[in-house]
Amino acid sequence: MDKTQALLVLALALFSLGLAGVVVRRNLLVMLMSMELMLNGVNLSLVTFANQMGAAEGAVLVFLIFVVAAAEIAIAIPIVLLLARRRHTLDADAYADLKG
Amino acid sequence: MTWLLANLETILLAVFGVSALAGGVLVVVLRQPMRAAMALISTMIFLGGIYGLLGVHFIAAFQVLIYVGAVMVFMVYVIMLLDPRDPAFRRRFSPLLFPGAAVALGLAATLIRGVAPGTAPAAAPAPARGFSLAEFATAFLNQYWLHFELTSVLLLAAVIAAIAVIRVARGDHG
């Protein structure tokens with residue numbers, strides 16, 4: 001297994017771990033952290049491909065993902081705080097009545 | 001010793017990769033959100049090390065500055081604001097533990113089989129070419145300047161939305 005393949009396997013493993021965290025965990029904040037883990041896996045795969053192909057476009061995309069991640073967290077954290085203030089818990093099951 | 005020095009980059013890459021993976025596992029497994037946050041920070045720093053070893057130093061720097069310096073500091077502040085007696089802090093896993101883990105394992109197995117050495121075409125992989133900071137800057141500011149400017153619109157929308165959320169929290173709907 002060469003370097004590119006090993007890095008891709010790492011990126012895929014991080015993405016799958018993040019998905020497992022989003023589904024399996026109960027705490028809203030840890031679910032958000034798992035989403036960050038998924039984004040990091042995608043970033044690693046983009047950097048690996050860009051490095052392999054010698055294409056700078058992949059790195060541009062990684063930069064844009066940085067910005068989107070910052071914006072996402074700037075929205076998600078106030079919403080989580082608001083939910084915690086309303087129901088006094090971060091348990092995702094406590095918000096089961098949100099489903100349509 | 002000479003062998004160690006000759007293979008230093010590969011060894012460091014393996015160490016950083018295994019450490020990043022271990023941090024990722026700890027994020028999913030650890031009970032306390034603060035410990036999960038610390039594990040995630042370590043994963044991000046190790047990924048930054050991997051980017052540095054790949055030669056994209058500017059992305060390594062921004063990984064540490066933006067993810068660790070901004071996103072995770074924000075996350076840690078919020079964890080400290082919240083009540084540690086919250087039952088969500090004591091019970092780790094939702095009822096979907098086994099289906100969720102099975103789906104993630106299946107996804108990982110399927111994706112990794114796609115890049116595994118056995119299924120790769122027989123042709124030897126081309127050596128990594130890499131790119132310079134000058135190439136990146138040229139592509140970034142010549143070709144993708146519009147996308148870059150559009151992200152500023154996204155950030156503005158995020159700021160406005162955050163202010164709107166705070167107004168809802170105050171019960172001030174006007």
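# A tour of chains A and B

The lining of the second largest pocket divides into 10 nonpolar, two polar and two charged residues. In this count Ala, Val, Leu, Ile, Met, Phe, Trp, Tyr, Cys and Pro are nonpolar, Asp, Glu, Lys and Arg are charged, and the others, Gly among them, are polar. This is a predicted model, in which local features need pLDDT of at least 70 and side-chain atom pairs count only at pLDDT 80 or more, while totals for chains, interfaces and linings use all residues. Residues are numbered from 1 along each chain as its sequence is written, chains are lettered from A in the order in which they are written, and side-chain values use heavy atoms, without hydrogens and water.

**Stop one: the pocket.** Select A:A6, A:L7, B:L13, B:A14 and B:G17, which lie nearest the centre of the second largest pocket among its 14 lining residues. The volume of this pocket is about 300 Å³. A pocket is an open set of points on a 1 Å grid over the protein atoms alone, with protein on both sides within 12 Å along at least five of seven lines; a cavity is a set where a 1.4 Å probe fits but cannot get out, and lining residues have an atom within 4 Å of a point. Next, colour α1 of chain A and α2 (8-29) of chain B, each of which supplies at least two lining residues. α2(B) gives the most, with seven residues. Helices here are DSSP runs (H or I, at least four residues), numbered from the N terminus.

**Stop two: the cavity.** The structure holds one cavity of 30 Å³ or more. To find the largest cavity, select A:K3, A:T4, A:L7, A:T48, A:N51, A:Q52, B:L54 and B:A128, which line it. About 40 Å³ of space lies inside. In chain A, α1 (3-24) and α2 (28-53) each supply at least two residues of this lining.

**Stop three: the contact between chains.** Now show both chains: 84 residues of chain B and 68 residues of chain A take part in the contact (heavy atoms within 4.5 Å). Select B:L54, B:Y67 and B:M75, which supply 9% of the area that chain B buries against chain A, more than any other three residues. Buried area is the accessible area (1.4 Å probe) that two parts lose on being put together, summed over both. Between the chains this is about 6,700 Å², with 77% from carbon and sulfur atoms.

**Last stop: a charged pair.** Select A:K3 and B:E9, whose side chains meet in a salt bridge (3.8 Å, N to O). The count between chain B and chain A is one salt bridge, defined as a side-chain nitrogen of Lys or Arg within 4 Å of a carboxyl oxygen of Asp or Glu.

Note on methods:
Points joined across faces, edges and corners; volume = space filled by probe spheres on them.
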